[in-house]
Amino acid sequence: MKSTKRTKSFFQKHWIGCWVLLSILFAIIIHILFCIEAPNKYLIAHWGAGDILAYASTVALGLLAMWQNKRQEEENDKAQARLENISIRANELNIINKIIEHETKRIHSLQEVLDDFANACDPQTLALAAAKEGIQNLPSKTGLTELEKIVDRSFIEIARLLREDKEIRFHDKHPFNQAYAQLYIFTKDIIADFREEKIDLNDQSSIKTKADTLAHLRDNFMQEREQYLIQQEDKLSQALFENLSLEEIRIIYNTKSDS
């Protein structure tokens, strides 16, 4: 088997020299045959040596042309396959770049809106909003309304951005989902209690209890926020620096169709 491969490799590398040697050998054989007297009349040649050589040359050139055409066709097929592979890889890289660009923007947007939401749900921010232009120890409805708009707007924007992550979207009990939902609900309840004057501003004990609960929920939210952002940044780093295929990146981001 190895001998056959070596022989084939030798002919592929030195096919011109082999062709010349075979041509010379063929001409010598023809010359010798025409020098030998035929043993009977049926073997007497009616062609001249030149005719036979011309015929053999024509056949040989035809075979050579066929071989060259086949070789060229094979090379064209290989070149076409390479071009198709390059085109496929270029398309994959284009899609990968779009995924990376999209995820980079999503993480940046998430960081901004999560900061807005955390600031709006801060006990101190809530206290300042309640005291804004307040009179006669009553909470300011204007300040609370403005704060509530920020809380609602940031909450909706967070939900929109998280819907793109299937791990969060289809997992209601995910710690991050629960953390920001609990903080949102409790903040809305406090705003509603202030607006409906269910909270006495002179009752420092009640206010402190609610403030402590709000601070605890906010701290829990901040912890889960950091964990989630770290996970997203790790995914982005993998896509950027680990030379992953499009299929591997789709698995990381779970972007394949559910079918």
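Reader: Is Phe176 buried or exposed here?

Author: Phe176 is buried, with a relative accessible area of 0%, where buried means under 20% relative accessible area, exposed over 50% and partly exposed in between, with a 1.4 Å probe and protein chains only. This is a predicted model, in which local features need pLDDT of at least 70 and side-chain atom pairs count only at pLDDT 80 or more, while totals for chains, interfaces and linings use all residues. Residues are numbered from 1 along each chain as its sequence is written, and side-chain values use heavy atoms, leaving out hydrogens and water.

Reader: Which ring does Phe176 form an aromatic pair with?

Author: Phe176 pairs with Tyr228, at 5.0 Å centre to centre and 15 degrees between the planes, and the pair is stacked; rings of Phe, Tyr and Trp (its six-membered ring) pair if their centres lie within 6.5 Å, and planes under 30 degrees apart count as stacked, over 60 as edge-to-face and the rest as tilted. The pair links Phe176 in helix H7 with Tyr228 in helix H8 (residues 204–241), 52 residues apart, helices being DSSP runs of H or I with at least four residues, numbered from the N terminus.

Reader: And how buried is Tyr228?

Author: Tyr228 is buried as well, its relative accessible area being 2%.

Reader: Switching to H7, how many residues does it have?

Author: Helix H7 (residues 175–195) has 21 residues and reaches 30 Å from its first C-alpha to its last, close to the 30 Å expected, which is 1.5 Å times one less than its number of residues.

Reader: What follows H7?

Author: Glu197 follows, and its phi is positive, near 60 degrees.

Methods:
Helix = DSSP H or I, 4+ residues; strand = E, 2+ residues; numbered from the N terminus.
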